[in-house]
Amino acid sequence: MNVLVVGASAAGLATVEALRRKGFEGGVTVLGAEAHLPYDRPPLSKQVLAGSWEPERARLRTPEALSALAADFVLGDPAVKLDAGERTVHTLSGLELTADAIVLATGLRPRTLPGQGGLAGVHVLRTLDDALALRADLAPGKRVVVVGDGVLGTEIAATLCGLDVEVTLAGPQAAPLAYQFGPLVAGVLGALHAGRGVRLRLGAAVTGLTEVAGRVAGVRLGTGEVLPADVVVVAFGAAPATEWLAGSGVLCDNGVVCDSRCRAAEGIYAAGDVARWHHEQLDVLLRLENRTNATEQAIAVAGNVLGEDRPYTPVPYFWTNQFDARIHVHGTPVADAEVSIVEGDPAEGRFVARYHRGGTVIGVLGWNMPKQARLRRQEIDGAVLAGRA
């Protein structure tokens with residue numbers, strides 16, 4: 001038996017490592033679109049962008065550790081076509097890679113604004129090269145507008161505040177992450193950003209960019225207002241990287257659609273940000289975009305490739321670090337849920353918020369209280385994951 005992993009990502013690498021830990025001795029090939037060895041993405045919007053880490057420090061493993069996996073890494077050659085029936089992947093360079101099992105771990109591609117392509121001074125932040133290009137475009141006093149008031153946009157804004165540039169955060173939500181956290185916690189996050197110097201221009205959609213001589217000059221809002229900008233970072237979401245799977249025989253709908261074993265077709269699996277699988281206990285199709293899930297789902301996929309036949313049923317979880325706030329979220333909090341502060345105090349910068357709906361706990365958020373939030377996650381285990389939410 002041999003396995004092909006498409007995506008030299010955190011999920012892709014974790015799949016290979018799990019296969020080896022579980023005793024698999026067959027051939028493994030890892031196909032990566034980027035020329036870089038596998039690296040971690042969370043540091044891109046933090047330490048790498050800030051310049052406190054050299055790019056090599058973001059690597060997930062040393063070259064020696066990768067060599068010990070006895071896997072063939074084919075890098076800098078994107079997949080362009082899959083024939084699921086034949087279990088064959090075609091690459092941009094013309095390679096044809098066939099395997100007994102294929103794991104799709106291609107992740108996400110950033111969403112962009114109309115007219116963004118080819119305009120100097122406009123950046124996305126998904127890859128290591130993106131982070132380095134953005135950092136190279138910064139200089140003291142430059143006006144930077146971050147388009148996107150979700151997790152990535154707020155992380156970028158927080159990092160940029162330490163780089164002697166003027167930072168404006170733009171987006172449609174009333175407060176940062178309001179759609180996920182609700183008004184109480186989002187209000188605390190907005191106050192944190194404003195207190196650290198981020199200019200919040202929220203509550204209005206971004207409709208486009210203005211330019212002068214081929215370089216971005218501003219960000220246009222739905223109100224008609226234009227925010228002056230020397231640099232723009234577009235960070236208002238990402239889409240699963242599935243375009244190359246058109247006509248493959250694999251169903252794609254907001255990700256690679258899989259069963260509860262993360263299986264998309266016979267011998268074809270998906271892991272990480274690109275996978276949308278049936279969560280048996282929640283009884284929904286679920287797709288999670290976070291680092292923790294990338295690793296945990298990859299381990300589950302590796303087991304199912306080897307015949308373990310187990311459903312993947314995690315408690316959803318993600319975390320974000322912004323300024324001195326360490327925010328850990330368990331479950332599925334939503335903006336219209338009832339929210340109670342069950343430990344600590346937002347005014348003191350340490351608290352746990354519990355999200356509930358109809359008496360059922362659906363989420364727990366810890367703000368600089370990771371241990372306490374993790375302990376309270378058990379309240380979700382018996383409610384949401386029993387399928388009663």
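**Close-up 1. The largest nonpolar core and leucine 104.** Among the 52 residues of the largest nonpolar core in this predicted model, Val6, Val89, Ile102, Leu104 and Val256 touch the most other members; such a core is a set of buried Ala, Val, Leu, Ile, Met, Phe, Trp, Tyr and Cys residues joined through side-chain atoms within 4.5 Å, where buried means under 20% relative accessible area, exposed over 50%, and partly exposed in between (1.4 Å probe, protein chains only). Helix H1 (residues 10-21) gives the most to this core, with 6 residues, helices (H or I, at least four residues) and strands (E, at least two) being DSSP runs numbered from the N terminus. A second, separate core of 46 residues includes Val146, Ala157, Val167 and Ala337. Leaving aside neighbours within four places in sequence, the contacts of leucine 104 (heavy atoms within 4.5 Å) include Val6, Trp244, Val256 and Tyr269. Because the model is predicted, local features need pLDDT of at least 70 and side-chain atom pairs count only at pLDDT 80 or more, whereas totals for chains, interfaces and linings use all residues. Residues are numbered from 1 along each chain as its sequence is written, and side-chain values use heavy atoms, with hydrogens and water left out.

**Close-up 2. The buried residues of helix H4.** In helix H4 (residues 128-136), the buried residues are Leu128, Asp130, Ala131 and Leu134. They lie on the same side of H4, because they cover an arc of only 160° around the axis, taken from the directions from the helix axis to the C-beta atoms. These buried residues pack against helix H2 (47-50), strand S9 (122-123) and strand S16 (231-234).

**Close-up 3. Salt bridges of arginine 261.** A salt bridge is a side-chain nitrogen of Lys or Arg within 4 Å of a carboxyl oxygen of Asp or Glu, and the structure holds 23 of them. Arginine 261 forms one with glutamate 280, their closest N and O atoms being 2.9 Å apart, and another with aspartate 309, at 3.0 Å. Aspartate 309 lies in the loop between helix H7 (291-305) and strand S23 (317-322), and arginine 261 in the loop between S18 and S19, so this pair ties together parts that are 48 residues apart in sequence. Arginine 261 is buried, at 16% relative accessible area, whereas glutamate 280 is partly exposed at 37% and aspartate 309 is partly exposed at 48%.

**Close-up 4. Histidine 356 in strand S26.** Histidine 356, found in strand S26 (residues 350-357), is buried, with a relative accessible area of 16%. The side chain of histidine 356 makes a polar contact of 3.0 Å with that of serine 340, the term denoting a pair of N or O atoms within 3.5 Å of which, within protein, one must be able to donate a hydrogen and the other to accept it, with residues adjacent in sequence counting only if both atoms are side-chain atoms.
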